[in-house]
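Let's take a friendly walk through some side-chain contacts, starting with the aromatic rings and ending with a pair of helices.

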Amino acid sequence: MSAYSAAAVHADPATPPPPVPVVVIGAGGMGRAWIATVLGNAAARLVGVADVLDGAAEAAVAEVVPEKLRDAIVTGTDSLEVARRAGAEAVIDVTVPAAHHAVTADALHAGLPVLGEKPCAATLAEAVSLAGHAEATGRLFMVSQSRRNNPHLREARRLADELGGAGIVDTRFYKAPRFGGFRDAMEQPLLVDMAIHAVDAGRVLVEGTPVAVNATSHNPSWSWYAGDAAASAVITYDTGAVHTYSGSWCSPGAETSWNGDWSLSCAEGSVHWDGETPPTAHPAAGGAVAGRVPGDSDRWELDASLTDFCAALRGGDRPDSEVHDNVWTQAIVEAAVRSAASGARVQLAELLDEALHAARILDSADGRSRALERWKTGVSGLLAG
């Protein structure tokens with residue numbers, strides 16, 4: 001048995017592992033993207049779709065699933081009942097962030113590993129709590145931070161390592177989208193809804209553990225957002241590496257890509273990535289070195305997350321965005337928001353200890369997990385998990 005799966009692992013290397021039967025929970029726009037991803041990935045098999053809104057799961061199946069496959073898809077409003085009827089081995093949680101804690105905890109305690117959409121949870125305390133629920137149940141909870149699964153980003157890391165490793169990483173993000181809806185009303189739309197992608201990608205490029213964040217935010221006079229649409233953040237790591245981020249969601253004109261524009265400074269040169277095309281290394285000795293062009297076998301974003309998740313359930317390696325690792329990304333974002341509000345540099349150790357205290361209260365009321373009682377501190381619990 002895998003450490004994560006309720007099913008037998010695949011032990012015959014001569015044959016491909018059987019696909020993991022999964023239920024997608026949440027049938028909105030992102031849920032439909034996940035349904036399409038599952039249908040296109042041989043590592044998984046769609047067996048059910050659930051949504052709390054009556055008729056939503058059925059509508060999503062009718063829109064996304066080919067007609068010849070629809071009869072085999074179980075639908076309903078109760079996710080655990082759908083998973084039971086469908087014979088699912090795992091679920092993909094694509095609900096709204098406010099529902100992540102309840103949906104994920106319920107699935108884990110029903111014996112179902114979970115692949116969840118980012119963010120891990122609505123609050124850092126809930127994210128820490130879910131790390132405890134994963135420990136208590138022994139089931140895998142992986143967060144899909146899909147943009148870290150960009151082959152160009154991984155190539156940038158490889159090029160930087162050849163130049164001695166990135167000690168300074170700078171990200172510029174300037175776009176001018178007019179979304180309408182909830183983002184226009186958010187207090188920190190850029191830091192909370194967009195910068196999480198960049199800070200997580202930064203963790204792919206930088207060696208070490210983040211320790212502190214200093215951030216400022218403001219709303220330009222021409223902004224159409226109610227909250228702060230522009231921000232800058234400095235993220236310091238225990239290796240001495242620093243990731244600086246500056247961005248705006250109201251900057252028309254010379255816009256960057258949706259992944260941003262990246263500069264990596266290393267001891268023996270630098271690496272530049274425009275966020276869309278292969279990165280380029282610039283060694284101190286001179287000349288430019290083009291990065292590798294991704295091939296047909298490279299996995300991207302949601303597809304890569306699903307592949308890693310299914311591989312882990314079939315006895316493969318622990319994925320790098322397992323909940324304990326992913327909580328660091330949410331902690332950086334929460335620290336940036338707090339720093340922007342207070343003007344002070346925020347230590348992640350203090351922030352995580354606060355979250356651990358709140359998570360223990362949450363778990364005590366819930367009564368299903370006592371795993372966090374073993375954590376001495378927020379940092380040590382995440383690193384040991």
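## The aromatic cluster

Ring pairs link F173, F179, W224, Y225, W249 and W258 into a cluster. Rings of Phe, Tyr and Trp (its six-membered ring) pair here if their centres lie within 6.5 Å; planes under 30 degrees apart count as stacked, over 60 as edge-to-face and the rest as tilted. Searching the whole structure turns up six aromatic pairs.

A word on the source: this is a predicted model, in which local features need pLDDT of at least 70 and side-chain atom pairs count only at pLDDT 80 or more, while totals for chains, interfaces and linings use all residues. Residues are numbered from 1 along each chain as its sequence is written, and side-chain values use heavy atoms, with hydrogens and water left out.

## Two pairs up close

How are the rings of F173 and W258 arranged? They form a tilted pair, 6.0 Å centre to centre with 55 degrees between the planes. F173 lies in strand β7 (residues 166-174) and W258 in the loop between β10 (242-248) and β11 (261-266), so the pair ties together parts that are 85 residues apart in sequence. Strands are DSSP runs (E, at least two residues) and helices likewise (H or I, at least four), numbered from the N terminus. F173 is buried at 2% relative accessible area, whereas W258, at 36%, counts as partly exposed. Buried means under 20% relative accessible area, exposed over 50%, and partly exposed in between (1.4 Å probe, protein chains only).

F179 and W249 make an edge-to-face pair, with 5.0 Å between centres and 65 degrees between planes. F179 sits in the loop between β7 and α8 (189-193) and W249 in the loop between β10 and β11, so this pair joins parts that are 70 residues apart in sequence. F179 is partly exposed at 33% relative accessibility, while W249 is buried at 1%.

## Charges over the rings

The charged end of R178 sits over the ring of W224, 3.8 Å from its centre. R183 lies over the face of F179, at 4.4 Å from the ring centre. For Arg, this takes CZ within 6 Å of the ring centre and within 35 degrees of the ring normal; for Lys, NZ is used.

## Where two helices cross

Now for the helices: the axes of α11 (residues 323-342) and α12 (residues 348-366) come within 10 Å and cross at roughly 105 degrees. That makes α11 roughly perpendicular to α12 (65 to 115 degrees).

Key:
Axes are lines fitted to C-alpha atoms, for helices over the stretch in contact, and angles run from 0 to 180 degrees between N-to-C directions. Angles under 35 degrees count as roughly parallel, over 145 as roughly antiparallel, 65 to 115 as roughly perpendicular and the rest as oblique.
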